[in-house]
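In this notebook I record what I looked up in one structure.

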Amino acid sequence: MDPRFPARLDDPLAPAREATVEMLQQRRVQYSLPQPFYNDERLFQLDMQEIFEKEWLFAGMTCEIPNKGNYMTLEVGDNPVVIVRGNNGEVHAFHNVCRHRGSRLCVTDKGKVAKLVCPYHQWTYELDGRLLFAGSDMGKDFDLNAHGLKPVHVRTGGGYIFISLADEAPEIDGFLESLDHYLAPYDMDNVKVAVESSIIEECNWKLVIENNRECYHCNGSHPELLNSLQEFDDTDDPRATQAYKDLVARKQADWEAQGVPYKLTRLGRRNRLTRTPLLNGVESMTMNGKRASKKLMGTLQSADMGSLRILHLPNSWNHFMGDHAVVFRVLPLGPQKTLVTTKWLVHKNAAEGVDYDPAEMRRVWDATNDQDRRLAEENQRGINSKSYEPGPYSETFEFGVIDFVNWYSERMLENLDLSAPHLHLAQN
């Protein structure tokens with residue numbers, strides 16, 4: 001939002017802000033959200049302003065821009081962003097908007113450039129965002145230094161790239177340190193994207209995350225995934241069986257001996273890291289449970305690493321195994337439309353067709369993603385009904401969903417309060 005036009009009582013979204021605060025303050029804890037949170041255009045705009053333009057978002061992996069001039073792009077709502085590797089190896093992020101007349105600079109998902117050149121009128125920027133050339137027609141008094149690209153907050157950790165469009169980005173140091181620690185054995189400077197896919201789910205982004213945060217639906221919906229996945233996240237899971245707890249103890253002893261991090265770490269409700277076993281005798285998330293890549297990741301000596309599960313709200317979940325990893329990114333496109341991107345990572349020296357078969361590697365999660373898409377879309381269709389009202393979550397099966405909805409509610413209330421002080425929010 002242009003700071004010269006701050007939110008005011010006559011702002012078109014002001015009534016929606018007030019209604020959103022009221023609904024969140026009055027919502028029943030451990031129940032799903034009121035209908036507008038899943039299908040209302042005004043509330044979607046608030047989600048974009050107060051969550052996706054203020055929180056740290058998973059954008060991509062550092063291995064996708066390994067060398068000087070490599071870039072990737074993404075769009076956060078109406079905000080195109082470019083992330084580029086600079087002259088000294090540093091990672092920069094900018095609003096992908098030329099300072100001349102506002103055209104997008106980089107128009108492909110990925111690429112490599114010597115400089116950032118606007119395709120419209122050839123204004124040219126250094127990789128650190130400085131304007132180098134604006135033609136000879138701008139007049140002798142034109143100040144190049146006043147027209148550099150507008151930066152976006154960017155941080156890296158454990159091979160991940162995070163961006164924040166906020167004026168002042170929230171704290172993220174603890175999570176980045178945790179990523180560095182847990183992913184050290186994977187040598188994330190030496191991985192590559194073996195294959196990736198993107199699908200559009202005709203549903204609200206929160207339904208995508210809610211569906212991911214529980215395995216209540218797994219037995220009836222995910223036969224491919226359950227060839228390898230334990231439905232329990234860790235031994236704190238109230239449903240965890242003694243057999244699972246015994247398996248965890250044996251595997252943790254193995255991981256301890258190898259010096260591989262595994263302990264459950266929570267950073268509030270936003271971030272969660274834990275290594276948990278796959279089914280006994282299973283090495284990887286594949287159709288037959290065997291490794292998908294012959295070459296293990298990083299310095300790992302065994303394929304039997306279970307799954308290192310990493311959660312980052314609002315837009316990513318991840319699975320790291322001994323031979324490959326699967327990372328997920330969620331970006332809202334509309335009140336009932338969400339882009340879900342999946343990337344499969346392997347050791348950078350693993351050879352396609354020799355060490356791994358991309359089609360086999362992706363079979364489990366291609367099937368699971370499509371199954372989840374159908375579930376979330378049917379969830380959306382039911383929520384759109386005039387008969388919908390918030391329903392109760394199971395504290396046993398859906399504790400992860402409860403955590404997500406609570407995190408979302410807290411962040412919305414806090415961010416709405418900061419962005420619209422005239423609301424004078426009551427304290428919970």
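**Entry 1: Cysteines**

I searched the whole structure, which is a predicted model, and found 1 disulfide. I noted that this disulfide joins Cys215 to Cys218, with an S to S distance of 1.9 Å. I looked up the angle about the S-S bond, which is -105°, and the link of Cys215 and Cys218 is left-handed. I also recorded that Cys215 and Cys218 are both buried.

I then checked Cys98, which is in no disulfide. For Cys98 the nearest cysteine sulfur is that of Cys118, 3.9 Å away; a disulfide requires sulfur atoms within 2.5 Å. I found Cys98 to be buried, with a relative accessible area of 5%. Cys106 is likewise in no disulfide, and its nearest cysteine sulfur, that of Cys118, is 9.6 Å away. I noted a relative accessible area of 6% for Cys106, which is buried.

**Entry 2: Domains**

I looked up the domain assignment of the protein chain: domain 1 (10–33 + 392–414), domain 2 (57–164) and domain 3 (187–384). I recorded 31 Å between the C-alpha centres of domain 2 and domain 3. Their contact takes 14 residues from domain 2 and 18 residues from domain 3.

How much area do domain 2 and domain 3 bury between them? I found about 1200 Å², with 61% of it on carbon and sulfur atoms. On the side of domain 2, Phe58, Cys63 and Tyr160 lose the most area to domain 3, together 41% of what that side buries.

I counted 2 salt bridges between domain 2 and domain 3. I also noted a salt bridge between the side chains of Lys343 and Glu64, at 2.7 Å from N to O.

Terms used
Residues numbered from 1 in each chain as written. Predicted model: local features only at pLDDT ≥ 70, side-chain atom pairs only at ≥ 80, totals over all residues. Heavy atoms only, no water. Buried < 20%, exposed > 50% of the residue type's maximum accessible area, 1.4 Å probe, protein only. Domains from an automatic or database assignment. Contact = heavy atoms within 4.5 Å. Buried area = accessible area lost by both parts, 1.4 Å probe. Salt bridge = Lys/Arg side-chain N within 4 Å of Asp/Glu carboxyl O.
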